[in-house]
Amino acid sequence: MLVFSKNLGIDYKYLLYICLISCFIFLIYMVLSYNNYKNTKEKLLDWINDPSKNPPEFIKNSEVYDLLNKEFSEKVELSNDYSKKIEDFKDYMTMWTHQIKTPLFSLNLILDDYPIDIHQAKAEIFEIEEYMQTLLSYFRLESKTTDYVFENLSLDEIIRTSIKKYSKVFILRKNKINFKETNVKITTDKKWFGFLLDQIFSNANKYTKNGEISIFLKESELVIKDTGIGIRKEDLKRVFEKSYTGYNGRIYQKSTGLGLNMVKTICEKLTIDVYIKSEVNIGTEVILDLKRTLN
């Protein structure tokens, strides 16, 4: 300090005073900078922990804000979707548990009788197995890892397999089968297309007795037609909605409201358009448009 004072010809006291003032200003600057950093960090962390709040002004127009906002929106969407699936699953399980009690109760009554009606007992066991299969298929459909194996397959072969599976039910319900061979091949997943037909045959049998179920190809459309009780006009537009049972399901207590929703979902996966036509006390037609799968 003294050397600088002599060389510059300035009293060292003045230089000391200037140094002290400079250190004091620097110290104030450091304190203010730290406080600003601390406040900025707190605001940023507060917003990150709860992105629903207004973001800090300094980040609003930045690229980081756009990325974080997009990330948050996706997170909220996934969370809402997950919550909805959980609620749907709870609703379905409640309905499923209620519905499966019917064949279990019937089976219990049959087993209490003597002699046991073997055919009726097997029919109730088949219905229980169907409920279990539907539940397992529901899990697989909801899974993102569901595998589809598309092959060139005979449509008639898949239809015959489903008819054979439900043959005892057709007999029990006294329903006649009228199957006109299609003689075509389609590119599809054998397991899921078979399950699709199973659901349609199951529904046809539930609401048809002493009637006829026809299966035929009309141009590119596979038609499954029954002579059952039909569907009311006001229910037709909602039959594919999840958990919607409609008038028939409520009156006859046979529906979980999931079968046709699964049919719609599977059709979308297999690039098949599905439609339903129906008249009360006349019957129902389920139409599968196979134009994108026909070879």
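1. A residue counts as exposed when its relative accessible area is over 50%. By that cut-off Leu 32 is exposed, because its relative accessible area is 56%. Please keep in mind as you read on that this is a predicted model.

2. Leu 32 is placed in helix H2, which covers residues 12–49. On the surface, Leu 32 belongs to a nonpolar patch together with Tyr 17, Ile 18, Ile 21, Phe 24, Ile 25 and Ile 28. Taken together, the patch has about 720 Å² of accessible area.

3. Now for the chain as a whole. The protein chain has 10 helices and seven strands, and 34% of its 295 residues are buried. Its accessible surface comes to about 19,500 Å², with 57% of that belonging to carbon and sulfur atoms. Among contacts with a separation of 6 or more, 64% are between residues 24 or more positions apart.

4. What about the cysteines? A search of the whole structure turns up zero disulfides. Cys 23 counts as exposed because its relative accessibility is 51%, whereas Cys 267, at 0%, counts as buried.

5. Leu 197 sits in helix H7 (residues 190–206) and counts as buried, since its relative accessibility is 1%. Leaving aside residues up to four places away in sequence, Leu 197 touches Ile 158, Ile 159, Ser 162, Leu 222, Ile 224 and Leu 288. With Leu 288, the separation is 91 residues in sequence, and the C-alpha atoms are 10.0 Å apart in space.

6. On to the aromatic rings, where the count comes to six pairs. One of them joins Tyr 148 and Trp 192: the ring centres are 6.0 Å apart and the planes make an angle of 35°, a tilted arrangement. Which parts of the chain does the pair tie together? Tyr 148 lies in the loop between helix H4 (118–142) and strand E1 (150–154), and Trp 192 lies in helix H7, so the pair links parts that are 44 residues apart in sequence.

7. Are the two partners of that pair buried or exposed? Tyr 148 is partly exposed, because its relative accessible area is 23%, while Trp 192 counts as buried at 1% relative accessibility. Tyr 148 and Trp 192 also belong to one aromatic cluster with Phe 150 and Phe 195.

Methods:
Residues numbered from 1 in each chain as written. Predicted model: local features only at pLDDT ≥ 70, side-chain atom pairs only at ≥ 80, totals over all residues. Heavy atoms only, no water. Helix = DSSP H or I, 4+ residues; strand = E, 2+ residues; numbered from the N terminus. Buried < 20%, exposed > 50% of the residue type's maximum accessible area, 1.4 Å probe, protein only. Contact = heavy atoms within 4.5 Å. Areas by Shrake-Rupley, 256 points an atom, 1.4 Å probe, with all protein chains shown as cover. Disulfide = S-S within 2.5 Å. Patch = residues over 30% accessible without salt bridge, like charges linked within 9 Å, V, L, I, M, F, W, Y side chains within 5 Å. Salt bridge = Lys/Arg side-chain N within 4 Å of Asp/Glu carboxyl O. Phe/Tyr/Trp six-rings, centres within 6.5 Å; stacked < 30°, edge-to-face > 60°.
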